[in-house]
Every structure is written in C-alpha cells, then in structure tokens.
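Morning, everyone. I have one structure to walk you through today. Please bring it up on the screen.

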Amino acid sequence: MEYMKKADVVEQTSSHEVEQTVKSIIENVKAGGDAAVREYEKKFGDSDRPVRVSEEEIEHCIRTLPEEVKVLIDRVVERVSDFAKAQLSCLTPFEKDFGEGIKMGHRIVPIEKVGAYVPGGRFPLLSSGPMVVAPAKVAGAKRIVAASPANYEGGIHPAVLYGLIRSGATDIFAIGGAQAIAAMAYGTESIPEVDIIAGPGNRFVAEAKRQVFGKVGIDLIAGPSEVMVFADDSASPQKIAADLLAQAEHDPYARAILVTTSRTVAEETEKAIEGFLKTFSPSSPAHESWEKRGEIIYADSLQEGLDICNDYAIEHLHLHIKNSRELMDKLNNYGSLFLDEGSSVVFSDKVSGTNHTLPTQKAARYTGGLWAGSYVKVMTHQEITGQGIQYLASHAEDQSEIEGLEGHKLSATVRLTECASK
C-alpha cells in the first residue's frame with residue numbers, strides 16, 4: 001500500500017471541548033426545559049420562534065410548495081417506505097417446542113415513541129426526513145417526534161417540512177443541535193420524551209446522542225459523510241472524481257478516498273478532481289474536504305485493496321471494478337455497498353430506497369445503517385409445562401447449588417416438589 005495523497009486532518013474543535021459543551025447543554029435543557037431550548041436556539045441559530053411547528057405553518061407549506069417538488073418528495077417517501085417494508089418482512093415472530101413441555105418464541109414489537117433528528121445543514125436535503133421517519137412509520141411507531149433546525153427564513157425549509165409530514169411525523173419542532181437531542185431524550189413542557197432517537201447530524205448532535213444513550217436508545221452515531229471508491233484499471237477517472245466530490249461537498253469534515261490498483265487511474269483521477277473543483281463555487285465544502293481529508297491509496301494487488309476497504313470500514317463503498325459482484329463476499333465492513341460504476345452513491349442519497357443514515361468512523365465493523373428493524377424490539381417469551389418443568393427445574397437446582405445461589409435453587413426446588421406431589 002502506498003499513499004499517493006494522504007489526508008492532512010486539522011481539527012478545529014477538540015473532542016474534549018465538544019464533549020463538555022454538549023454535556024452543559026444537556027444538563028441545562030434537563031433543568032430548564034423549553035426556556036433552555038429557546039435560549040440555545042437564539043444563541044446558536046438566532047431563532048426566537050415558537051419551538052413547535054404549527055398547523056398553520058404545515059398548511060402553508062403544503063399549499064405553497066411547488067407541485068414538482070412535492071412529486072419528487074412523494075417518490076422518495078414511497079421508495080424508502082417500500083424498501084423498509086421489504087426489510088421488515090424479513091423479521092417474523094415465531095413460537096415452537098424445544099422439548100416436551102418447553103415452548104419458546106419471540107414477538108416483533110414496534111418502539112412506541114421515536115425521535116427523528118433531521119439536520120438543516122448547508123442545503124435542504126429533501127431525502128433526509130423520509131430516510132429517518134418513513135421506516136419508523138412502517139415499523140409501527142405510535143408517535144414520531146421530528147426535530148430540524150429553523151435555519152430557513154425563520155423556520156424549517158418547506159421541502160424538508162413536507163417530507164416530514166408525508167413520511168408520518170406526528171409532532172414537528174423547529175429546533176436543532178444538541179439541544180434538540182436533549183429535549184427529545186428528557187422531554188420539556190412542549191417536546192415529548194421519546195424512547196429512541198435516530199438520524200444523522202454534526203459532531204455536536206452525534207456527541208449528544210452518545211451522551212443520552214441509555215436514557216433513550218439511539219440508532220447509531222453517524223458523523224460527516226465518507227466515501228471510498230475501489231477502482232481497477234477499467235475505471236473512468238472522470239466518474240471516480242465526480243463520485244468522490246459528490247460526498248466531499250456534504251461537509252468540510254467529509255472524507256473522500258480512492259483506493260486503486262492502477263497508478264494511471266490514481267493520477268488521472270487527481271487531475272480530474274482538480275479540474276472539477278475549479279468549476280465549484282468557492283464556498284463549496286468540497287474544497288476543504290478534499291484538500292485536508294482527501295486520500296488516494298495505491299494497492300499493489302486486488303487482495304490488498306480488499307484488505308484496505310475492510311480495514312477502513314467506510315460509510316459508502318463504491319466498486320469501480322470489473323465483475324464487482326464477485327467481490328461482495330470478500331467485503332465485510334461497510335455501511336452500504338455500490339456495485340459497478342453505474343451505481344452512484346448519489347442515487348442512494350436521494351431516492352433509490354436504501355437508507356442513507358449509515359455508520360461512519362469505522363462503526364461499520366459492528367453495525368449496519370438505519371433500517372426498519374432499528375424501530376422494533378425482538379421480545380422473547382416462554383411457557384414451561386409438565387415434563388418441561390421437571391427437566392429444567394432439576395438442571396436449575398443442580399446449577400444453583402454449584403453457584404451458591406440459594407434463591408435460585410429455592411425457585412427450582414419448589415417446582416420439583418410440586419411435580420413430585422402430583
């Protein structure tokens with residue numbers, strides 16, 4: 001492996017500073033409720049509007065949003081929902097006998113109250129609301145509380161708001177950042193307390209989710225976007241460059257990485273990126289992202305390239321390789337996989353149907369992305385009768401004796417005594 005371009009990461013805010021700032025916000029929201037939320041909204045977003053989105057705002061949004069935009073969002077909701085339904089169908093309840101008198105199984109039960117965080121960011125991402133909310137609706141959540149920053153003309157961008165409505169959000173709040181996570185986790189006078197919080201966000205949102213985990217569940221901690229393109233000598237440098245920059249423009253902290261077995265592809269891709277960036281707006285985050293965090297890695301062999309991909313455990317892994325499907329079973333760590341150069345990550349970002357809330361920072365080693373199953377609980381049950389009681393109680397009595405657990409042994413013994421008396 002050889003780095004032809006190595007990331008030069010310069011963090012502007014230390015992780016300790018972020019941790020302490022978020023800790024303070026959470027404590028203040030717990031103690032101060034709505035007043036604390038409004039204080040932080042004013043401080044960080046210069047917003048002094050009511051936190052709840054009113055029915056009048058919703059009606060105005062639906063009435064004034066252009067029909068062509070509604071059509072796009074409706075299509076996203078439909079496709080994300082259809083994929084979520086297909087995923088959920090793979091989870092089925094069961095009950096069966098595991099020996100005479102031993103019946104066990106599990107049920108699939110929706111999480112009742114979901115908190116959905118939808119970032120405002122630099123651009124109004126039309127798919128973000130449906131990606132987080134629609135799977136919760138499909139899973140059967142009774143209440144879906146959505147929060148998104150009021151950073152568009154004093155409110156949530158109309159397209160984002162419409163996406164939340166169409167996806168099934170029951171309560172919508174124009175708040176953002178760590179204060180929104182704290183409010184949904186602990187509840188305020190206006191904002192309902194939820195059972196799980198899902199959705200991507202910046203470092204402060206991610207840290208807030210980490211700190212409230214345990215009080216509520218979370219889907220995963222998703223940081224700035226990541227993409228790795230793995231290419232061989234058949235790949236198009238122009239397409240690779242476009243795919244890398246598409247993710248780099250999300251955030252200055254986004255990571256765009258090329259791994260290739262071809263030096264020619266590596267060199268031509270770097271030239272193509274430099275050429276494309278000259279056409280980008282000077283304010284585009286892609287400039288800083290590529291300059292400080294972009295990487296090009298030369299792999300001596302296909303196997304070394306596969307090893308690099310598995311080691312990075314990247315969010316989006318795109319294979320610009322001949323017969324890429326043949327490599328699927330050799331790749332185990334990624335958020336979502338994109339086979340062949342035609343399968344643009346942008347399609348998944350927008351409308352294909354798979355979820356774009358995915359693990360970053362190597363979390364793909366132990367988890368996948370947000371999906372319908374994130375919003376359900378698999379709850380086991382058992383019913384022991386007849387000979388099953390005698391068999392299990394005898395084992396439990398002997399094991400409890402060895403372990404020195406008197407109460408456990410007693411619970412088993414009284415059942416053995418009852419069986420002997422019958």
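**Cores, a covered helix and a sheet**

We start with the largest nonpolar core, which has 36 residues. Val53, Ile156, Leu164, Ile172 and Tyr375 touch the most other members. Who supplies this core? Helices α3, α4, α5 and α6 and strands β4, β5 and β7 each give at least two residues. Keep in mind that this is a predicted model.

Now zoom in on Ile156. Leaving out residues up to four places away in sequence, Ile156 touches Val53, Ser148, Pro149, Ala150, Leu161, Ile172, Phe173 and Ala174. There is also a second, separate core. That one has 28 residues, including Ala36, Ala180, Val194 and Ala208. In general, nonpolar side chains tend to be buried together in soluble globular proteins.

Next, α6, residues 158–167. How many of its ten residues are buried? Seven, so to speak a mostly covered helix. The buried ones are Ala159, Val160, Leu161, Tyr162, Gly163, Leu164 and Ser167. They pack against α3, α4, α5, β5 and β6. Just after α6 comes Gly168, with a positive phi of about 120 degrees.

Last stop, the sheet. Six strands form an open sheet with mixed pairing. The order is β1-β11-β10-β9-β12-β13. β1 and β13 are the edge strands, and each pairs on one side only. From one strand to the next, the twist averages 20 degrees.

Look at β9 and β12. They pair in the parallel sense over five bridges. Val229 has His318 in β12 as its bridge partner. Helix α9 packs on the sheet and touches β9, β10 and β12. Its direction makes about 170 degrees with that of β9.

Methods:
Residues numbered from 1 in each chain as written. Predicted model: local features only at pLDDT ≥ 70, side-chain atom pairs only at ≥ 80, totals over all residues. Heavy atoms only, no water. Core = buried A, V, L, I, M, F, W, Y, C linked by side-chain atoms within 4.5 Å. Buried < 20%, exposed > 50% of the residue type's maximum accessible area, 1.4 Å probe, protein only. Helix = DSSP H or I, 4+ residues; strand = E, 2+ residues; numbered from the N terminus. Contact = heavy atoms within 4.5 Å. Pairing = 2+ DSSP bridges. Axes fitted to C-alpha atoms, helices over the stretch in contact; angles between N-to-C directions.
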